[in-house]
Amino acid sequence: VEETGRLTTDASSRDPAVGLRSVRSLRLLAERLEELQITSARELGWSWQEIADQLGVSRQAVHQKYAGRRRLGRRD
Amino acid sequence: MFERFTDQARQVVITAQVQARTLRHDWIGTEHLLLAILAQPTTLSARALHGHGLTLERASRLVQEALSDGSRQLDAEALRAIGIDLDSVRASVEASFGEGALDPASVEARFGGAGQEPAGRRARRGGLFGHVRFSARAKKALELGLREAIRLRQNRIGDAHLLLGLLREGQGLAALVLTRAGIDLAELRDELERELRQAG
């Protein structure tokens, strides 16, 4: 807890180098999780529309980004 | 295209797949082609690389090093700064999806060469090994190898043409490893061409 407190102080030190690196890693982490979850959803037979609904984006957006990918697009 | 490959060049392509499997990679990139070239120590191309101080062992080490750096790495410290513990995220993801589920995918993607390739297609490593396939850059390098043979007016595509293809491609992990090994790519290219012209 103590360590978290110190790090939170670091994060709020307004150092852009720290803040921006956090954003970048967070985005990357989100991308990896998204791909993993979409792969899993497709394997479970979810449609692109169902996936898009859960992600809160358009079917086109998710289809365009992932449907061309080998392991994900094969049910279409 | 493959019917015009020499036995050594075919062996490079086959060994590249073995190299990829050994490293537990689910893609065949330019780096695996380079390692495969070095794995046949008596060929023209391997001897040229040895002459520049690059052995299979050293190249393997450089490939591993290149794989573990790069801008696509998750920065655990930066995430901790905003209260996210990457280790627990990883643990919970792996509990559901298996070991390595959160690992970066193809390095070729990291170096911008994989085009349509998914960023995380190794999600279930085990099941993918039947489908190891060439990255966009590796394919390009093979094509460029063919073009080198044509340019040099040689009928067969040999191991040295494949190495020339890797040099021409220039953007893949193979080229990065060669550069990091301190090899002057232009010099190596001239040398290979000279040898090829003498041989053929």
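The model is predicted: local features need pLDDT of at least 70, side-chain atom pairs count only at pLDDT 80 or more, and totals for chains, interfaces and linings use all residues. Residues are numbered from 1 along each chain as its sequence is written, chains are lettered from A and ligands numbered from 1 in the order in which they are written, and side-chain values use heavy atoms, with hydrogens and water left out.

**Exercise 1. Cores**

Find the residues with the most contacts inside the largest nonpolar core.

Step 1. Apply the rule: a nonpolar core is a set of buried Ala, Val, Leu, Ile, Met, Phe, Trp, Tyr and Cys residues joined through side-chain atoms within 4.5 Å. Buried means under 20% relative accessible area, exposed over 50%, and partly exposed in between (1.4 Å probe, protein chains only).

Step 2. The largest core has 46 residues. Leu33(B), Leu34(B), Leu49(B), Leu54(B), Leu166(B) and Leu192(B) have the most contacts inside it.

Step 3. A second, separate core has 11 residues, including Leu28(A), Leu36(A), Leu79(B) and Ala101(B).

Step 4. Take Leu33(B) and set aside residues up to four places away in sequence. Leu33(B) then touches Val12(B), Ala16(B), Phe134(B), Ala138(B), Leu142(B) and Leu166(B); contact means heavy atoms within 4.5 Å.

**Exercise 2. Two helices of chain A**

Work out how α2(A) and α4(A) are oriented to each other.

Step 1. Locate them: α2 spans residues 16-43 and α4 residues 59-66 of chain A. Helices are DSSP runs (H or I, at least four residues), numbered from the N terminus.

Step 2. Their angle is about 95 degrees and their axes are 12 Å apart. Axes are lines fitted to C-alpha atoms over the stretch in contact, and angles run from 0 to 180 degrees between N-to-C directions.

Step 3. Roughly perpendicular covers 65 to 115 degrees. Therefore α2(A) and α4(A) are roughly perpendicular.

Step 4. α2(A) contributes Glu31(A), Glu34(A), Glu35(A) and Ile38(A) to the contact, and α4(A) contributes Val62(A), Lys65(A) and Tyr66(A).

**Exercise 3. Salt bridges**

Step 1. The rule asks for a side-chain nitrogen of Lys or Arg within 4 Å of a carboxyl oxygen of Asp or Glu.

Step 2. Arg21(A) pairs with Asp75(B), with the closest N and O atoms 2.5 Å apart. The pair crosses between chains, from helix α2 of chain A to the loop between α4 (56-68) and α5 (76-80) of chain B. Arg21(A) is partly exposed at 38%. Asp75(B) is partly exposed at 21%.

Step 3. Arg137(B) pairs with Glu169(B) at 2.9 Å. Arg137(B) is in α9 and Glu169(B) in α10 of chain B, so the bridge ties together parts 32 residues apart in sequence. Arg137(B) is buried at 13%, and Glu169(B) is buried at 10%.

Step 4. Arg151(B) pairs with Glu148(B) at 2.8 Å. They are three residues apart in α9 of chain B, so about one helical turn separates them. Arg151(B) is partly exposed at 40%, whereas Glu148(B) is buried at 4%. Shared partners join Glu148(B), Arg151(B), Arg168(B), Glu193(B) and Arg197(B) into one network.

**Exercise 4. A positive phi**

Describe the setting of Arg153(B).

Step 1. Most residues other than glycine have a negative phi.

Step 2. Arg153(B) is not a glycine, yet has a positive phi of about 55 degrees.

Step 3. Arg153(B) sits in the loop between α9 (136-151) and α10 (159-169) of chain B. At 76% relative accessibility, Arg153(B) is exposed.

How values were computed:
Parallel < 35°, antiparallel > 145°, perpendicular 65-115°, else oblique.
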